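Let's take a walk through this protein together, beginning with a few strands and ending with its aromatic rings. Please keep the sequence and the model open as you read.

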Amino acid sequence: MPVLEYKCPNCGSGMIFDSVSGALSCPSCGREDNIEQLPDPLKKQVFTEGEVKEYHCNSCGADIVTEPETSATTCSFCGAAVVLSDRLTGNLAPAMVIPFSINKEQAKQAFKKWCRNGLLTPSGFMTADRIQSITGIYVPFWLYDLHNRIEVHAQGTKVRSYTQGDYRYTETQHFDIYRKIRLEYVNLPIDASEKMNDELMDKLEPFPYNELKLFKTPYLAGYIAEKYSYTEDELFPRAKDKTRSYIDSYIASTVSGYTSVSYTDKQIDTTLKNADYVLLPVWMVNYDFNRKQYTFAMNGQTGKVVGKPPISKAKVAGWFTGVSAVSLLSLKLVSWMMGGGFL
């Protein structure tokens, strides 16, 4: 089956995408090609889901064995960067891609810096010297454009207290509230890979969508890429759920100024205007500490790191002790300034 490998016209070595220059680069002779000026060999093809296929490396002829979701990888025998072209065509062709802007060494240094900033992590973990692997992956996402029609009925009150003569009065006004709202959400990202942890992927946001480029296969050279596990229709309910908190916040902003608001009816009708299949850059870091494996993810454009590091019980205890001591000192100072005692 078809395998794409980008050979250097100068020396014949395999070329990869260079996140620093943004070009297709040859590590051997230094040649760089502008990806936007390269023709993309992919054509629309019919892909039968679940079909068993065999791939061969163009460089060494070895068989390439991958999981069904993989669309770009490296040859296990010679290390050549290859793209499995039939897994990126037809309905499986991404519309756009955000290329990596952080290379592997930069990602490693950024991760070390992030570890050192962990105030409550064990000291041994903070040295960041147990990285088992760091892998650049283009993760499949659906970018949704959603239209929301919202109608809200609520009861609001405004409470005013005032003093007149020897009496203090409390006045409560009641209001019927009605809001009709139209909200548009664009570029709402939903991770479409079954392998990826949804919570980690959500926390990697935001991605710089101004860096989106029309998809071309050279961007994948030297990285792993996955194809989507779920269609835009299958993930549409999750997209709606993801916007719900934003919608509630916006509704609340339109009824400010009341002492209290009680919603009696809230109708939210969300329709799908558009969904684009895109690939977004993620560095996955596997870290070994104290005989346990930890997985972290890094935004391949911004360097943002997410994950759950171990917590040092001793540092947590010390932090609470410090907070308690500061609070106690503050109370003593306040008491002294007021001329009183403190027991």
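**Strands and rings**

Start at Asn286, whose bridge partner in β15 is Thr295. This is a predicted model, so treat every value here as computed from it. The two strands involved are β14, residues 260–289, and β15, residues 292–299, which pair in the antiparallel sense over eight bridges. Their hairpin has two residues between the strands, and there Asn290 takes a positive phi near 55 degrees.

Now follow the chain onward. β15 also pairs in the antiparallel sense with β16 (residues 305–306), over two bridges, and Ala297 stands opposite Val306 in β16. Five residues lie between β15 and β16 in this hairpin, and Gly303 in the turn has a positive phi of about 85 degrees.

Next, look at the aromatic rings, which form 19 aromatic pairs. Phe100 is buried because its relative accessible area is 2%, and Trp283 counts as buried because its relative accessibility is 4%.

Strand β14 also holds Tyr277, which is 135 residues from its partner Trp142 in strand β10.

Finally, find Lys266: its charged end sits over the ring of Tyr263, 4.6 Å from the centre.

Key
Residues are numbered from 1 along each chain as its sequence is written. This is a predicted model: local features need pLDDT of at least 70, side-chain atom pairs count only at pLDDT 80 or more; totals for chains, interfaces and linings use all residues. Side-chain values use heavy atoms; hydrogens and water are left out. Two strands pair if DSSP finds at least two bridges between them. Helices (H or I, at least four residues) and strands (E, at least two) are DSSP runs, numbered from the N terminus. Rings of Phe, Tyr and Trp (its six-membered ring) pair if their centres lie within 6.5 Å; planes under 30 degrees apart count as stacked, over 60 as edge-to-face and the rest as tilted. Buried means under 20% relative accessible area, exposed over 50%, partly exposed in between (1.4 Å probe, protein chains only). A charge sits over a ring if NZ of Lys or CZ of Arg is within 6 Å of the ring centre and within 35 degrees of the ring normal.
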